Each structure stands twice: as C-alpha cells, then as structure tokens.
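Notebook, one sitting with one model. I started at the ligand, then went to a hairpin, then to the overall dimensions.

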Amino acid sequence: MKFFELSEYFQRIEQTTSRLEMADLLHSLFERAGADEMDKIVYLTLGEILPPFRGVEMGVSERLMLEALSKATGIKLKDLETAYKKTGDLGELAFESIRWQGRSLEVSQVYKELLDIAQSRGTLDKVMKLISLLKGLSPLEARYAVRVVIGRLRLGVGEATIIDALSLLSGGRSAKELIERAYNLCSDLGLVAKRLKEGGLSALEHFKIQVGYPIRMALAERVSSVEEIIRRLGRCAVEAKYDGFRLQIHKEGNRVEIYSRNLERMTEMFPEILSAVQKDIRFNSVIFEGEALAVNEETGEFYPFQVTIQRKRKYGVHEYAKEYPLVLFSFDLLYLEGEDFTVKPFIERRRKLEEVIPNSNTLRLSEMIITDSAKEVENFFEDAITRGLEGIMAKRLDAPYTAGSRNFNWIKLKRSYKGALADTIDVVIVGYYYGKGARAKLGIGGVLVAVYDPQTDTFKTVSKVGSGFTEEEWVRLKHMLDEIRLDHRPARVDSILEPDVWVEPRYVITVNADEITRSPLHTAGRTLEEPGYALRFPRAVSFIREDKKAEDANTVEEIIRLYQLQKKVSVE
Ligand code: AMP
C-alpha cells in the first residue's frame with residue numbers, strides 16, 4: 001500500500017464522529033493492506049512505531065521538528081514558529097508548508113525511515129533523516145508522518161477498535177476471541193494482525209507465549225467484606241496486597257526484561273531486581289510477576305508508596321537504588337522452560353513459583369495463607385493493615401491466569417472499602433469548561449470526565465470535576481489538554497453534556513466522591529429506561545496518572561457495583 005492511501009484513510013478516520021464508521025474504515029484499510037505491512041499499519045494507526053514494551057521512542061522534540069521542516073521547505077524558522085504558535089499543530093503546519101506532491105512511497109518505506117529516525121542517536125543525525133523523509137512526502141502524507149514523529153497522531157483509535165476491525169476481517173465472534181487471546185498473550189497488536197493476515201484464524205489458534213513479549217496483566221475485582229470473599233471463592237488463597245510497582249519479569253538465559261503494569265519496558269530502572277534475577281534464578285526461561293516496593297532495610301518495614309514511586313526515574317537510578325532498594329514480592333508464574341503456565345490452576349502455578357523463587361534479599365514470595373474461614377481472613381487482613389500494607393488479595397485456587405481481564409478470580413480488599421464510598425475512582429478527561437468567576441482568568445474551570453465501557457469500547461461520562469487541583473495544576477492541565485483538543489466530539493465518547501472544548505480521551509485522573517447517585521445528565525450506565533450514574537461532590541486527588549491509559553479508567557460496570565456496595569453499606 002502507498003503511504004498516500006494510508007494517509008487518506010487517516011484523514012477519514014480522523015473526521016468521523018461514529019465509532020462504528022471508524023471500525024468500518026479500519027476494516028476496509030486492513031482488507032487492502034498486504035500481510036507484510038499489516039503490523040506497520042497497525043502501529044502507525046495507534047500513533048506508534050512499535051508497541052510500547054519495545055521501549056523505542058522517537059525522541060524528536062517540537063523544536064527539532066520545526067528545524068527539520070524549515071530546512072526541508074526553505075521557509076524561515078522564525079516564520080514557521082509564528083505559524084505554529086497560531087495553529088498549535090505541527091502536522092497541520094507541515095501540511096500547509098510542504099508544496100510538492102511526493103514520490104508516492106510505499107508504507108513500508110516510510111515506516112522504515114521512521115524507525116530509522118527513532119533508532120538514530122544523535123540530534124543531527126535525526127534532523128538529517130527527518131529532512132530527507134519530509135522531502136519525499138506530499139502535504140497530506142507529511143501531516144500524518146509528522147504527527148506520528150512527535151507522538152500526536154490523535155486518530156482516536158484504541159486497541160479495542162482495531163480488534164473489532166480485525167474480527168470483521170475474518171468474520172464471526174470466535175474470530176474476536178482468538179484475536180483477543182493472541183493479543184493478551186503478546187501485547188503486540190501489530191504482530192497479531194500480521195499473523196492473522198498471513199495465516200488466518202488457524203495461525204492464531206496456535207499462538208504461543210514468547211519470552212520478551214509481555215502478557216497482558218490479570219486484574220482484580222473488589223469487594224467490601226471478608227465474608228463476600230469467602231462467599232464468592234470458598235476455600236481460597238489470601239495474600240498480602242503490596243502497594244508498589246507491579247512488574248512482569250521475563251528471563252531467557254542471561255537476558256532479562258522488566259515490564260510495568262502498563263507493559264512499558266522498565267528494565268534499566270530496577271538494576272537490583274535485574275541482577276537478582278540473573279544471579280538467583282536457576283531456571284533458563286521463565287516469566288513471572290510480582291510487586292516491587294521499597295523496604296527499610298534497618299527495620300524491615302515497608303515504605304509508603306510515595307517513597308517507592310521515587311524509583312520510577314530515568315536519571316540517578318543507581319543512587320536511588322542504593323538509598324531505597326526494592327524487594328520484589330513474587331505472586332504468579334506464567335511460563336517456565338517452554339511451558340505455558342497461564343492455563344494451569346492458580347495453586348499449581350504458586351507451588352511451582354515456590355520452586356523458582358529462591359527467597360533471597362531482593363526476590364521473595366508474597367505472604368500467603370489458604371483458608372475457608374472468614375475469621376482467619378479477617379485476622380490476616382488486620383495484620384496486613386497494621387504492618388502498613390494496603391490490604392489483601394484473595395485468589396481462586398483453581399482459576400487459570402486470565403490475561404488482560406478483570407474478574408473475581410482475584411479479589412482485592414482494601415481498608416477503605418470497609419466504610420462507605422471512601423474508595424477513589426479513576427476517570428478519563430474528555431473535555432473541559434472555560435470556567436466562570438475567579439477561574440475564568442485561568443481559562444479552565446472544570447473537566448468533563450468519563451469511565452470506560454469495554455462492551456462498546458466507548459467512554460461514558462460520570463461527572464464534571466471542578467475541584468482538587470491547585471491553580472498551578474489547572475494551568476498545567478489546560479496546557480496539556482489544549483495539545484489534544486479536538487473540534488468535535490471524539491467518536492468513542494458518549495455524552496449528553498457538551499463541554500466548551502472536547503479533548504481526545506487520553507488522560508486519567510483519580511477522583512474522590514461522597515457517593516454515586518443516579519443522574520439523567522450522564523451516560524455511564526444509562527439505558528433507554530434508566531438514568532445514568534454520577535459522582536456526587538467529586539474532587540481530584542491526583543494529577544494526571546501517567547501510569548494509566550484511557551482504557552485503564554474504571555469501567556461503567558465497576559461504577560454500578562460501587563453504587564450497589566454503597567447501598568448495602570447504608571442499609572447495614
Ligand atoms: P488495584 O491496582 O488496586 O486494582 O490492585 C491490583 C494490584 O495490586 C495489582 O495490579 C498488583 O499491582 C497489586 N498487588 C499487590 N500485591 C499483590 C498480590 N499479592 N497479588 C496480586 N497483585 C498484587
């Protein structure tokens with residue numbers, strides 16, 4: 001496929017306001033793509049060069065892009081800067097300033113050049129390659145290539161949308177299940193698309209876990225009492241819930257990679273874990289998971305999350321590793337010596353994990369009991385809380401590892417759930433309001449926020465949030481939102497309210513609320529007969545959560561469950 005044709009698709013996708021039409025466009029795009037370019041087209045559509053776990057970044061600042069654009073077009077840098085200040089969109093600026101019609105390059109050729117830019121080290125090298133790329137592109141192509149380079153494609157296409165379009169390609173419900181399964185096992189949608197195009201559904205039936213491709217993490221549901229845990233799981237495993245970084249470790253011989261909950265590559269951030277895995281694990285190939293947190297070596301006590309989080313850094317890694325060494329509490333085994341463990345029952349995985357993890361200083365096993373007594377669970381919970389842990393995690397003994405899904409195979413109980421709605425909720429910002437009164441001078445007075453509905457792959461509003469941020473944070477937030485503003489409602493946002501400015505659903509914030517109420521103004525949980533759900537007295541308790549993607553916001557279903565929990569609590 002020519003890159004020009006891909007750009008035309010991008011243009012149409014960008015303009016649509018319907019989620020269904022978006023999937024149709026993608027379907028037609030995938031139909032026309034060749035097998036060897038499928039992966040590249042999928043990455044580019046998501047605005048990426050490679051999946052995030054590969055840890056390849058473009059490393060091109062706006063400044064660098066302006067320079068390259070100036071050199072490629074012969075337009076003075078100053079003039080470009082002025083024009084850029086007006087539009088705020090480098091893609092648009094490239095579209096307007098490039099004159100020639102290009103040589104009509106193949107997608108694979110443009111992709112190769114983009115990858116080459118990402119992989120070159122020096123700034124000068126990058127600029128030279130950018131210039132040569134821009135010189136080969138027509139205005140429309142340049143618009144999208146530039147946006148990819150600076151990480152702002154904003155097509156509004158999510159992974160679920162791509163999966164839907166890929167299922168249309170092969171037809172039927174089972175197609176979707178197979179695609180999702182393969183994606184859950186490798187986190188590389190491009191790879192899955194390519195295999196599908198090459199070998200059809202049967203290629204996906206035989207899809208296997210590979211070391212170096214993170215498995216999408218299993219997540220936990222929540223409940224509000226120990227009784228409910230026993231009611232749901234019966235005899236089960238109960239573990240301490242550690243509040244740190246969830247890490248998935250991949251080891252093949254001496255090669256080790258570490259991935260975050262978000263499936264980003266974090267290998268260099270945790271040198272002590274890296275070397276402990278290399279030194280202490282005797283098996284050749286293994287994938288396992290655990291929670292890493294800073295422990296005070298003098299007292300053996302856990303540091304609070306605020307301390308652990310400081311280890312998430314690019315610079316000063318070794319100094320901080322000395323000051324706040326991490327302990328990895330391992331809790332699951334996913335793969336060992338060529339064998340897929342995700343399909344085995346939890347208890348079998350755990351027993352094997354006990355053989356794999358040596359219980360050294362850095363690598364330990366999560367504390368665990370097995371019980372069917374609510375009283376014992378209660379004691380374990382109280383003890384965990386007293387020792388500064390977050391709560392407990394209960395696990396169904398016979399459940400497989402359900403990659404990429406949240407269900408009651410794992411149940412978390414934190415202290416705060418035991419009260420009324422003391423729990424926080426993660427929501428995604430879909431728009432903002434200019435604000436009145438004192439806030440008007442900031443140009444932002446509140447944000448419209450939504451939760452995720454995985455069934456329809458849309459974002460449904462639950463609240464307007466106008467408090468919790470400092471003045472400086474509001475200013476920063478407005479700046480960040482302006483960079484992703486859209487002139488129409490995003491295709492995947494379902495809303496009755498109309499904010500002053502729509503933005504691409506990208507940023508997640510954590511909010512607190514007094515309770516959840518029913519409201520005709522919001523679309524979360526709304527049906528033909530019933531009103532939606534809304535947060536009462538919401539306030540932000542975090543700035544943007546960099547560790548969460550829009551789809552990691554809480555779901556509509558979770559809001560409904562919280563609503564029901566809260567009803568239960570107030571009756572008691
Ligand atoms: P939450 O982030 O509140 O949904 O809780 C789930 C998270 O708890 C997981 O993603 C892990 O990062 C973390 N966690 C801490 N201890 C454990 C444990 N023993 N088993 C599983 N997950 C744990």
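I began with R246: one of its polar side-chain atoms lies 2.8 Å from an oxygen atom of the ligand. I count a polar contact as a pair of N or O atoms within 3.5 Å; within protein, one must be able to donate a hydrogen and the other to accept it, and residues adjacent in sequence count only if both atoms are side-chain atoms.

I noted the conditions before going further. This is a predicted model, in which local features need pLDDT of at least 70 and side-chain atom pairs count only at pLDDT 80 or more, while totals for chains, interfaces and linings use all residues. Residues are numbered from 1 along each chain as its sequence is written, and side-chain values use heavy atoms, with hydrogens and water left out.

Which elements give two or more residues to the shell? I found β2 (236-241), β10 (391-396) and β11 (406-414), and β11 gives the most, with 4 residues. Strands (E, at least two residues) and helices (H or I, at least four) are DSSP runs, numbered from the N terminus.

There are 13 residues around the ligand, and E239, R246, E291, K395 and K412 come nearest (near: a heavy atom within 4 Å). By class I listed 8 charged, 5 nonpolar and no polar residues in the shell. Here Asp, Glu, Lys and Arg are charged, Ala, Val, Leu, Ile, Met, Phe, Trp, Tyr, Cys and Pro are nonpolar, and the others, Gly among them, are polar.

**Hairpin**

Next I followed β3 (residues 245-252), which pairs with β4 in the antiparallel sense over 5 bridges; pairing requires that DSSP finds at least two bridges. I249 stands opposite I258 in β4. The two strands form a hairpin with 2 residues between them, and G253 in the turn has a positive phi of about 60°.

Strand β4 (residues 255-259) is largely enclosed by the rest of the structure, because 4 of its 5 residues are buried (under 20% relative accessible area; exposed is over 50%, partly exposed in between; 1.4 Å probe, protein chains only).

**Whole protein**

Last, I checked the totals. Of 572 residues, 57% count as buried. The C-alpha trace spans about 75 × 60 × 50 Å along its principal axes, and I recorded 20 helices and 21 strands.
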